[in-house]
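Me: I am new to this structure. Please take me through it in short questions and answers.

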Amino acid sequence: MIRTVPVTAGLISFTLLFAGCGGGGSGGSSEAQPDLSGVIDIESGTRVDSDTADDRRVDLATANNTAVSAQTLPPGATVGGYLSSGSDTYANFFQYFEDAVDVYAVDLSPGDRVSFQVFSSPEDLLPAGAAAPERSLRILKQQAGTVVEVASQSASGDLRPLVEVLDDTFEPGSHLVEVSTTSGIPFRYVLSLAGEGTASVMNTSYSTPPFMIDEAVVTLAPASGNQPVIAAMATSQRRELGRGAWLLRRDRPRNLATMSSGQRESARQETLEWVRELQQQPGVTSAEPNYLYSSQQVSPDNDPLYSRQWSLPLIQTPLAWQAAPSAGADIGIAVMDTGVFRSPPTATGDWHPDLSANVQLIPGQIMDYVSGDLDIDREDSGQRDTNPADPGDGKARSSNFHGTHVAGIAAAVDNTQGVVGVSPGATIYPVRVLGRDGVGSSADLIDALNWAAGRNEIDVINLSLGGLGPSNALKQAIDAAWNGGNGKLIVAAAGNQGTDEPTYPAAYPNVVGVGAVDGGSVRASYSNVGQSVDVVAPGGDASRDANQDGTADVIVSGWGRDDTGSFEPGYAGLQGTSMAAPHVAGVYALMKAEVPTLTPAGFQSFLVNGDLTDDVGPAFEYGAGQINALAAMDAALDGNFPITLGSSPTAIQFNAAVLSEQLVFSTYPEGESVTITDVDPGAPWLDVSEPSDARPLSLTVTADPTQLGGDGRYMATLVITYQADGAPAATLMIPVSLSLGSSSDERNAGRHYVLLVSADDERDTLEQAVVSASRGRYEFAFDEVEAGEYFLVAGSDMDNNGLICENGEACAEYPVNGLPEKIVIGEEPVGGVRLSTSFRRPTITSLGLPRVGFEGYRLRSGPKSKTGGEPIRNVENTR
């Protein structure tokens with residue numbers, strides 16, 4: 001889209017914060033109107049590290065590397081920064097500088113969380129073979145003149161975030177947050193501080209889930225007449241997935257195996273353009289890429305030392321078996337995964353000995369859904385069939401046999417050899433949806449789910465997979481399976497990225513997302529938090545021995561080998577939310593075998609009410625808590641299905657700009673009648689409206705700062721008392737916080753480079769200015785700009801690598817970050833342009849489609865100086 005910005009009458013008078021020398025940026029006179037001018041607003045709570053590499057480059061850095069020099073942050077701040085264990089130059093000759101420690105002073109309270117996310121420069125700018133950084137996050141408190149460590153985390157290798165959630169034992173007050181590195185490459189970071197229940201604050205990078213090139217999943221309106229609409233689309237292949245969803249493949253012959261990385265990136269971008277065109281077709285309600293997902297395991301280990309099933313007693317499974325004599329008999333668990341070990345992997349092969357008695361196929365039904373390039377089935381490569389055996393891949397260590405491991409956790413038979421599953425009497429229906437390297441496509445998964453929704457044999461579906469983008473067609477398939485006549489409980493791995501960004505399918509409402517804990521019931525370092533986690537279960541953590549049994553906390557289950565030329569059954573110790581999910585699926589099977597009337601909605605009601613779990617930590621990390629098989633059996637056998645009330649949002653955060661929030665309530669099970677009988681605001685500075693009579697129930701909460709003494713952070717608990725027909729009264733507690741005193745004048749996202757970028761595919765920087773924050777915003781202006789079409793962007797270069805708007809850096813794009821539009825500059829001045837900068841990034845839901853291939857915008861710079869050093873920036877100024 002091209003947008004012509006109207007000239008603003010009464011143009012604002014600017015103090016230009018840049019000096020000019022070439023490339024647009026001349027100050028001009030106060031009387032002359034610049035060709036283009038405007039304001040960049042800074043998101044509330046935004047701060048920048050005071051000694052970034054960009055600051056060091058121009059000798060404007062202020063050290064913040066000790067408790068004495070700690071940089072003060074407001075509650076709920078998001079701060080962008082830079083760290084490096086050494087000094088050197090990037091491949092483009094820009095410099096980076098040593099800065100191994102940054103320290104911040106901030107007030108923290110129980111329920112708060114601190115996240116530390118790290119981002120590196122593109123590989124082609126870094127030294128060959130450079131190692132990922134060693135990094136740590138520490139929370140410190142000054143006591144009696146000394147600094148005491150309250151909590152800490154460290155990591156090396158991958159750049160997974162570090163997240164510290166402060167539990168109820170945490171002492172509120174002033175603390176120091178220290179982030180540091182000891183070795184490895186220089187990096188940018190975003191440090192986020194958030195209160196209890198706050199929505200995701202870790203979306204500081206563009207989410208780019210993988211997808212199939214030249215494929216799309218299209219959902220048609222019910223009245224569109226599917227066949228004519230689909231037939232009218234120029235595609236070489238089409239396959240119906242059920243419930244109005246179709247997989248389309250366009251006729252673009254490509255040999256993906258011979259493509260360079262650049263060609264693949266171009267093909268991905270072309271695919272997204274095609275999907276955008278499909279979205280505009282008549283009769284199409286949604287069109288999306290054919291997203292890929294993967295198994296959620298971490299590094300297999302076949303060491304026989306990992307032979308102890310500590311996870312079963314941790315969740316009270318042996319005691320639960322006494323209350324569940326059927327042990328899950330006649331309950332069907334669909335394990336949608338890589339298939340199950342069979343030797344050989346043909347229709348006549350033998351299943352893994354720990355699973356053989358429980359594996360069941362449905363005659364004549366397709367149960368191997370992996371298709372196309374992802375299929376490595378040597379029987380019928382690329383095709384679907386009735387044999388869901390894991391075909392293996394001939395490698396010693398890989399993601400193959402992941403489904404065997406998952407199935408064993410849920411329902412390995414009790415045969416005095418190997419391992420025992422949580423529900424050893426349940427029936428396993430293996431459904432193969434993961435192929436090459438443990439990866440599957442959303443089209444294959446949607447098809448499998450739509451098939452399973454109509455099968456009465458299946459009671460629970462286990463999805464130890466994730467990483468999908470938000471898919472409308474997938475959500476519809478999940479909802480159909482959950483709500484059908486024989487509704488299926490759908491259990492999914494919450495993901496291993498250590499983030500609070502929603503991961504799918506776990507984050508969907510009708511999915512039980514399962515996070516992972518170690519042998520001491522502590523969240524595993526890799527396990528996601530937030531919206532994707534409804535409950536936690538043992539998933540293991542190979543870096544810990546929390547139960548002190550002398551071995552690492554991994555989950556042992558069935559496995560297989562095929563790297564010797566033959567298929568041999570075996571066992572392996574793994575870790576991951578993939579391992580946590582089948583524990584919950586197995587518990588549901590135990591419950592339903594004894595109480596056949598149990599439904600997914602009934603299970604969810606028990607879960608929300610806290611009847612199935614042990615309280616092991618904050619809900620943000622642990623959801624409803626750690627699954628307890630004995631408590632689950634007690635709840636099911638009691639037969640008293642609770643009617644509970646939940647709210648959205650689950651917690652309220654106010655600040656000086658946001659002083660009102662609407663709470664919308666949901667009942668579990670859905671559709672039950674609940675009456676709110678009393679509301680206690682919990683503090684005199686809170687006012688609550690009368691509950692609405694309409695459905696869904698709702699009320700409005702308003703904060704009144706005039707009743708408070710001044711700046712600071714204030715906490716309260718809103719207590720909602722409610723009652724269902726014939727049931728005793730119950731309460732719902734909602735934490736409320738109010739932060740005052742963070743003036744907008746203090747907002748700062750670092751020196752910003754404002755660019756006019758060419759409107760072609762090259763995105764060359766044609767004009768450049770540098771501005772600094774003043775009164776909580778940036779003001780910019782360009783003069784002597786040639787008429788034409790441009791993209792207007794701005795951002796920080798904290799690591800001084802010559803790129804702005806990289807993941808983890810502040811970025812503004814006109815008019816909306818992530819959705820830049822062309823701006824037209826003509827003969828008349830264009831004024832009053834407004835942008836907003838932030839370290840956050842929009843979600844795929846906001847963008848509509850992933851943003852692939854974006855690595856930032858290149859700064860305009862001159863040649864290296866004669867004496868060496870980095871290139872000279874075209875435009876400079878003081879901070």
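Me: Which residues of α7 meet α8?
Reply: This is a predicted model. On the α8 side, the contact is made by Ala-473, Leu-474, Ala-477, Ile-478, Ala-480 and Ala-481. Their partners in α7 are Leu-445, Ile-446, Leu-449, Asn-450 and Ala-453.

Me: How do the residues of that contact of α7 with α8 divide by class?
Reply: No charged residue takes part in the contact of α7 with α8. The rest divide into 1 polar and 10 nonpolar.

Me: Are α7 and α8 roughly parallel or roughly antiparallel?
Reply: Helix α7 covers residues 442–453, and helix α8 covers residues 472–483. They pack at an angle of about 15°, with their axes 8 Å apart. Angles under 35 degrees count as roughly parallel. The two helices, α7 and α8, are therefore roughly parallel.

Me: Is the crossing of α7 and α8 left-handed or right-handed, and what about α9 passing α12?
Reply: The crossing of α7 and α8 is left-handed. For α9 passing α12, the crossing is right-handed.

Me: At what angle do α9 and α12 pack?
Reply: Helix α9 runs over residues 577–594, and helix α12 over residues 629–638. Their axes are 9 Å apart. The pair is roughly parallel, which means an angle under 35 degrees. For α9 and α12 the angle is about 25°.

Me: Which residues of α12 meet α9, and how many residues of the contact are charged?
Reply: From α9 come Val-587, Leu-590, Met-591 and Glu-594. In α12 they meet Ala-629, Ala-632, Met-633, Ala-636 and Leu-637. By class, the contact of α9 with α12 has 8 nonpolar residues, no polar ones and 1 charged.

Me: How far apart are the axes of α6 and α9?
Reply: Helix α9 also packs with α6, at an angle of about 35°. Here α6 passes α9 in a right-handed crossing. The axes of α6 and α9 are 7 Å apart.

Me: Which residues of α9 make the contact with α6, and how many residues of the contact are polar?
Reply: On the α6 side are His-402, His-405, Val-406, Ile-409 and Ala-410. On the α9 side are Ser-578, Met-579, Pro-582, His-583 and Gly-586. The contact of α6 with α9 has no charged residues, 5 nonpolar and 5 polar.

Me: What volume does the largest cavity have?
Reply: The structure holds 4 cavities of 30 Å³ or more. The volume of the largest cavity is about 80 Å³.

Me: Which element gives the most to the lining of the largest cavity?
Reply: The lining has 14 residues, and Gln-309, Ser-311, Ile-555, Val-556 and His-583 lie nearest the centre. Elements giving two or more residues are α4 (311–314), α6 (402–411) and β30 (555–561). With 3 residues, the element that gives the most is β30.

Me: Where are the prolines Pro-505 and Pro-669 found?
Reply: A cis peptide bond joins Tyr-504 and Pro-505, with omega about 15°. The bond from Tyr-668 to Pro-669 is also cis, with omega near -5°. Pro-505 is in the loop between β27 (489–493) and β28 (512–517). Pro-669 lies in the loop between β36 (660–668) and β37 (674–680).

Me: Which strand does Asp-214 lie in?
Reply: Asp-214 is not a glycine, yet its phi is positive, about 65°. The strand that holds Asp-214 spans residues 211–220 and is β15.

Note on methods. Residues numbered from 1 in each chain as written. Predicted model: local features only at pLDDT ≥ 70, side-chain atom pairs only at ≥ 80, totals over all residues. Heavy atoms only, no water. Axes fitted to C-alpha atoms, helices over the stretch in contact; angles between N-to-C directions. Helix = DSSP H or I, 4+ residues; strand = E, 2+ residues; numbered from the N terminus. Parallel < 35°, antiparallel > 145°, perpendicular 65-115°, else oblique. Left-handed = near helix turned anticlockwise from the far one by under 90°. Contact = heavy atoms within 4.5 Å. Nonpolar A, V, L, I, M, F, W, Y, C, P; charged D, E, K, R; others polar. 1 Å grid on protein atoms, 1.4 Å probe; cavity = no way out; pocket = protein on both sides within 12 Å on 5 of 7 lines; lining within 4 Å. Points joined across faces, edges and corners; volume = space filled by probe spheres on them.
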